[in-house]
Amino acid sequence: MISLLSHLMNGLSLGSVYAIIALGYTMVYGIAKMLNFAHGDVIMIGAYISFCAIHYWNLPPALALVAAMAVCTVLGIVIERLAYKPLRQATSLAVLITAIGMSYLLQNSALLIWGSNTKSFPDMINVPAISLLGGELIIKGEAIVTILACVVIMIALTLFTSRTKMGKAMRGVSEDKGAAELMGINVNLTISVTFAIGSALAAIAGVLLCTAYPALTPTTGSMPGIKAFTAAVFGGIGSIPGAMVGGILLGVIEILGKAYISMELGDAFVFAVLIIVLLVKPTGLLGKKIHEKV
Amino acid sequence: MKIRKLFAAVLALCMLMSLSATASAEDALKIGVIGPMTGGAAVYGIAVANGAKIAVDEINAMGGMQIVLDVQDDEHDPEKGINAFNTVLDNGVQMILGTVTTAPCLAVAAEAYEERVFMLTPSASATGVTEGRDNAFQVCFTDPGQGVAAADMIVAKSMGTKIGVIYNNADVYSTGIYQAFAARAAELNLEIVATTTFSSDDNADFSVQIAACKDAGADLVFLPIYYTPASLILAQAKAVDYAPVFFGGDGMDGILALEGFDKTLAEGLMLLTPFAASSQDEKTQKFVQAYKAAFGEEPNQFAADAYDGIYALYTAAQNAGINGDTAYDEVCELLIAQFPTLQISGLTGELTWAATGEVIKTPAVYVVKDGAYAKVD
């Protein structure tokens, strides 16, 4: 019983990392209607920037986070302008392939800049672990912070898209780019802002990911990125609360599968979930079904 | 006119100098070094080339037989390894120290066996390198050798009674050590209470593996893996207040050099490695100082293996009466006869060789104490 509970807790902390990455995925997909496969690598860049900020420039953790967010925001806007904007009218497959290319470009740039040796990420969060049932059950400090950050970001994003003028513009662009433009919405600006927010979230996710799993290499972002994409689809891609629910459930499924079924097949469970969701409920848990009018 | 004469004179001088250079190089022993000098595994190849250079400089300074190194890059790629092998042969090399990493080494060993070139690998540890080839020898332990030595050491020093294992079952190195370890543990009645696996060095979450070891009551966890996943395991075990003895192989060497690593996490970590730069042994200290002065960093195990390898080749060549004029196929047969009788007192211990090509040396156990290796006696 206690071991089940502690596996659940581990699943929760892994899932919260997936959730926070999935929020960025779903945000960009929901508005720009494109899968930004380079999202995982923006996370990696964010983690490297905060590593440098702490390790080489001796900044305090909070400033390191701000520096990472600033760099990632700029990076996100630049990526969108250079790689995705010229393809606004192209097929979605072309955009997808460009995103994959961007992902490799970022990974190899990181390899050039920081080398292939693993960097051990510093512990940026000093929240004590909570120990329950006489020390049998331990909830890690990073997990608590990650879950709280997830909830805060989820609420803030929901409020932003439903209450602010920019949020309204985003929803307009998401529904129909052409009509939004006719209504006087600056589509390019709106999409740039979306990428800026998504990339700033990626920086936060990168710091939290590497605090939980402190080994930083140029490929750090790719596997969590793909799993978070699965989480976003699981929860219903485009849905902000869906990303959070999907991420946490996926983490729990992965850990329980590893613990009780097979240790080697941990990743396979995650992707089996993706296949089942796509077969049974393609809109995901909380996704909206869109009726195409003919 | 004058300029042309001057030019001719300079050319003639150049020719004369190059002639005299070849003349002195002809007496010298020519050793080819093949390994990854660029790419992802470059850290190993460069360490080997540097370690070999320190040994060669020492030998050449002694006077007597001189050694010339010919270093070629294989980028940790079997095909490029063959190219490098052909290049060193074209350059007139008589024997090879290499290759550094296992995959290219297997390819080059097959070629060298056909061509009758003697090769001594400083660091390719798979048994396949020497198996069925009389011309291939190793300076490093084989993977199974390490597993057996680890089990012996744990029993001899009674480090633990209930053993947990976390290994990478998608990796030849890790699996090779684990299988020999498990077989030896069964012979010694060493109880393995939990065997857990992962399947990629990119794996980040080890909570399930750690929980399995913890729940089984393991008081020693054997980690025959590389240091990157090991650093995550140490951090995650600490987060759940699990503090068994952690015991690793030579892949663990390097964990303290991990940039940004919190060394207190590794406190008490044991590892089986033939060489530690912090050792107070006089020979080691001399090597470490020379290496630091020449290359500005601490040598690792690969550099030490290469250093011992050069001395082994040098000593064997002297014993066999090989000089700079002996043809490589002749050298090969002479060295094959010489190596099983050879005794080298090197940086990585007292080395002797079995006729099969495997090295026989005693591994040493180190423990991390105050952020540095300390030898366990």
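Chain A contains 11 helices and four strands, where helices (H or I, at least four residues) and strands (E, at least two) are DSSP runs numbered from the N terminus. The model is a predicted one, in which local features need pLDDT of at least 70 and side-chain atom pairs count only at pLDDT 80 or more, while totals for chains, interfaces and linings use all residues. Residues are numbered from 1 along each chain as its sequence is written, and chains are lettered from A and ligands numbered from 1 in the order in which they are written.

The overall form of chain A can be described by its radius of gyration, which is taken over C-alpha atoms and compared with a globule rule of 2.2 Å times the number of residues to the power 0.38. A compact globule of 294 residues would have a value near 19 Å, and chain A agrees with this at 19 Å. Its C-alpha atoms fill a box of roughly 65 × 50 × 35 Å along the principal axes. Of the 294 residues in chain A, 49% are buried. A residue is called buried if 20 or more other C-beta atoms lie within 10 Å of its own, exposed if 12 or fewer do, and partly exposed in between, with C-beta atoms placed from the backbone. Two residues are in contact if their C-beta atoms, placed in that way, lie within 7 Å. Among contacts in chain A between residues at least 6 apart in sequence, 75% join residues at least 24 apart.

Because 12 of its 14 residues are buried, α9(A) is largely enclosed by the rest of the structure. Among these buried residues are K227(A), F229(A) and V233(A). The buried residues of α9(A) pack against α1, α2 (39-55), α8 (187-212), α10 (240-260) and α11 (266-280) of chain A. After α9(A) comes G236(A), which has a positive phi near 105°.

Chain B has 11 helices and 15 strands. Its radius of gyration is 23 Å, close to the 21 Å that the globule rule gives for 377 residues, so chain B is as compact as a globular protein of that length. The C-alpha atoms of chain B fill a box of roughly 90 × 45 × 40 Å along the principal axes, and 52% of its 377 residues count as buried.

Chain B is divided into domain 1 (8-141 + 283-360) and domain 2 (144-273), with bounds that come from an automatic or database domain assignment. The centres of these two domains, taken over C-alpha atoms, are separated by 33 Å. Six residues from domain 1 of chain B and 10 residues from domain 2 of chain B take part in the contact.

The peptide bond from G98(B) to T99(B) is cis, with omega near -5°, and T99(B) is found in the loop between β3 (95-98) and α4 (102-115) of chain B. R116(B) is not a glycine, yet its phi is positive at about 60°. This residue, R116(B), counts as partly exposed because it has 16 C-beta neighbours inside 10 Å. N189(B), also not a glycine, has a positive phi of about 60° and counts as exposed, with 7 C-beta neighbours inside 10 Å.

Where do the two chains meet? In total, 28 residues of chain A are in contact with 24 residues of chain B. On the side of chain A that touches chain B, the largest share, five residues, comes from α1(A).

The largest nonpolar core has 213 residues, and those with the most contacts inside it are I20(A), L23(A) and Y307(B). Such a core is a set of buried Ala, Val, Leu, Ile, Met, Phe, Trp, Tyr and Cys residues joined through C-beta atoms within 7 Å. Its largest share, 16 residues, comes from helix α1 (residues 2-32) of chain A. Domain 1 and domain 2 of chain B both give residues to this core, so the core lies between them.
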